[in-house]
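Biologist: Please show me the structure. I want to go through its contacts with you.

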Amino acid sequence: MDENSNIDMNLFPKDVTDAKILDMYKTMSMARALDAKALSLQRQGRAVTYAPTLGQEGTQIGAAFAMGENDWFVPNFRQHAVFVARGYPLDKIMLYWRGFEESLAIPPEKKTLAVIVPVATQLPHAVGVAYAQKYKNTGSNVVTYVGDGGTSEGQFYESMNFAGVYKLPLVMVIENNQWAISMPRGKQSAATTLAQKAIAAGIPGIQVDGNDVIGVYKVIKDALAAASDGPTVVECITYRLSMHTTADDPTKYRNDQEVAFWKQRDPLMRIKNYLVKKSLWNDNMENELADANLKKIDEAVEKSESFKPDPQSMFKNVYSYMPDVLEEELDEASKANFWQ
Amino acid sequence: MMTNMVGALNNALDLLLKESEDVVLLGEDIGKDGGVFRVTDGLQAKYGEHRVMDTPLAEAGILGTAIGMALAGLRPIPEIQFAGFMFLGFDQLVNHASRYRSRTRSALPVPMVVRTPVSGGVRTLEHHSESPEAYYSHIGGLIVVEPSNPYDAKGLLIKASHMKDPVVFLEPTKLYRLFKQEVPDGMYEVEIGKANMVNKGDSLTIVTWGTMVPVVRNVVTKKNVDADVIDLRTINPLDEKTILESVEKTGKVMIVHEASLGFGPGAEISARIAEKAMYELSAPILRVASPSFPYPFPGYENFYVPNEKKVEQAIEKLLSM
Ligand SMILES: Cc1ncc(C[n+]2csc(CCOP(=O)(O)OP(=O)(O)O)c2C)c(N)n1
Ligand SMILES: [Mg+2]
C-alpha cells in the first residue's frame, strides 16, 4: 500500500482481510497513543529518558502481526509497538520508562527477551535463541530488530554470519529510520542499501517500505515461512518522526522539510484513509478508539506509578543464591538505613 | 573565564586542535551534534569534518582506528558516547593500546586520549552510568584519569594529549554542569599521576575521586570533619606517596568511590596502605562504595550510589574506633 493508500494487488497477501487491517490499525493507534503519553510523562518528570516510536509503527506492527504466538521476539530499545501488539501489559511497558527492572520480569512463555540498550549486542542472543529452536525442533522462529546505525557494529555482521552458517530460523529486521541520533543513513555506510549487507553472509536480504504495514507483514510472513531453510535480513525503510530520545534535540542536525516529507508517508494515515474509503472507519469510531485507548493507558500509568521499589530486590536477584559477602553488604545497608 | 566542566573540556579541545594539525577528534555524534553532552560543540564547524569526525556506530572501529592513527603519528582524541559502550571496543584497549609500547620496546607508542562520560546520578537508562576505572587500571599500560572540577578537567586533558601514552579520560556526567569555576583562558597542564589535597586535617584521611569528591567535601564541611581529603585525579598510576604521607599523619583512612565495592579500585589502594603503612594505622581501613553488582536501572540508583549519609556514617564509625 503506497502513501496514497493504493494497493498493488499482485503483491497483496491473501491472508490479509479487512478485519485484520482494522486490527492492525487499532494496534498502531494504541502504540501511538502510548508513545505520546510516555513522552508527556517524561516532560513532566514522571518518566526517565524516553525513546519515541512515532512514525515507526508500520515496521513494528507489520512484523508483530506476521509473527506466530510461538515465535520469539528479541528487541533492542525502540520496539514498544511490538510489545503492545504481542500483548505485553501496558503498565509493564510504562514501568520500564519509570526505570525499574521489575518491568522486564517477562514470563518465559512470552518468548520475549529484555529491552537491550547497547546497540546490536542483542543480535547474537537472537542467533542463540534461534539455534536452540532448531536444536530442540520447536518449530518456533525468531524475530530481532536492529537500527540503521546498529548495522555498523561488528556484532551485526557476526550475527548474520552465524545465522547463515547454521541456517537458523531467524529474521533480522533492520529498522532503518534514516537516523542514528545525528548520523544520517548516508553517512552510516557507503553501501547503497542496508539489505545488501546480507549478501556477504550468503543469506537473502530484502527491502520493504516500512511505513506500509501490509507490505512489512507480507515480507516478514514470507521470511518466517522460509525460516526452516535459513535466515533473512529485512530492511524496513521508515522514519523517526520524533527525537532520538527525550535527551536529544533534532533541530541541531535535520531540517523541517525532511520531517514534513515523511509526515506525508505516515504509516497510520494511509491505513486509515484506506479504511475510510472502504467505509470501514469514520470519525466517530476514531474518537471512540482514542477514548478507549486513553482509558487503558491512564489505568496502566496509574498502576506503574503505584509501584513501590524494594531496594532489597537489587541484592536478591544478583545470583541464584545469596553469597555471604553480599548478604553482609545487604545487612549493613539495611541496618544503616542509607535508603531513607 | 567562568565555566563548567563541559565548557572547560570544549575549550581544551579547541586549544589542542589549534595547537597541532596532528590532533583529530573522532566519535559518534561529536560533529554536527557537538556530542550528546555538547563537549565538542562547534569544533567541527571550526576545524572541518576531516579533523572532527562523525563516525559510524562502532566502538571497536573508533578505538582501533584511533590506535592506528596514533601509531602513524597523529594525536587522536576519540570519544566513546558512554562508558557502558566502551566495552564493545575493550579488546582494542586491552590487547593493543595498553601494550603497543611494550610490544615494540617503545618504538611505537600510542599517544591518544580516549574520552568517555562515566558514573551515574542523573537518571539515565541502563549502561549510561558505569564507573569502570578499575577495569582500565588493572590492565597496566593505560593511564586512567578522572577530573572532578572544570579547572582540573581542562589541565588534565591538555596534559594527557601532550603525553606519549594512551590515556583513558573519564568524565563524570553528574559533574559536567554541576558548578562553574574560574579557569585560565590559555593552555596549561595539570600534572598526571599527582593527587590533589582538597581539604586538610589531622584526624582522618579520605581518598576519593570523580562524583564522590563533592559528596565527601559536603560532609566534611557540614560536619566540620578534621580530615585530609585527597582527590586522586589520576587513578592509574596511583599517587601512593600523597596517600601514605597523609595516612602516616592521621592513622585512619577511608576510601570513597562510586564504582562497586567488590574487586574495586578501593581494594588496590587499601592493599597498598596495608602493605606499606600498616603500623601507622590506628583503625581498619574502610571502603565506602556502591554495592557489589552492576549499576541498577535509574529508579533504583538512589539506593545504590553512596550518598552523604553513607559517607557520614562511615566517618563517624572510623573516628570512634
Ligand atoms: C554500543 C552502543 N553505542 C552507542 C550507543 C548510544 N546510542 C544509543 S542509540 C544510538 C543510535 C542508534 O541508531 P540506530 O541503530 O539507527 O537505532 P535508532 O536509535 O535509530 O532506533 C546510539 C549511538 C548505544 N546505545 N550502544
Ligand atoms: Mg536509526
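Predicted model: local features only at pLDDT ≥ 70, side-chain atom pairs only at ≥ 80, totals over all residues.

Modeller: Residues are numbered from 1 along each chain as written, chains are lettered from A in the order written, and side-chain values use heavy atoms without hydrogens and water.

Biologist: How much area is buried between chain A and chain B?

Modeller: Buried area is the accessible area (1.4 Å probe) that two parts lose on being put together, summed over both. Carbon and sulfur atoms give 60% of it here. The total is about 3,500 Å².

Biologist: Which residues of chain A lose the most area to chain B?

Modeller: Three residues together make up 19% of what that side buries. They are A:Lys252, A:Met314 and A:Phe338.

Biologist: Which residue forms a salt bridge with A:Lys252?

Modeller: A salt bridge is a side-chain nitrogen of Lys or Arg within 4 Å of a carboxyl oxygen of Asp or Glu. The count between the two chains is 2. For A:Lys252, the closest N and O atoms are 2.6 Å apart. The partner is B:Asp41.

Biologist: At what angle do the axes of H1 and H11 of chain A cross?

Modeller: Axes are lines fitted to C-alpha atoms over the stretch in contact, with angles from 0 to 180 degrees between N-to-C directions. Helix H1 spans residues 18-43 and helix H11 residues 267-277. Their axes come within 10 Å. The crossing angle is roughly 140°.

Terms used
Helix = DSSP H or I, 4+ residues; strand = E, 2+ residues; numbered from the N terminus.
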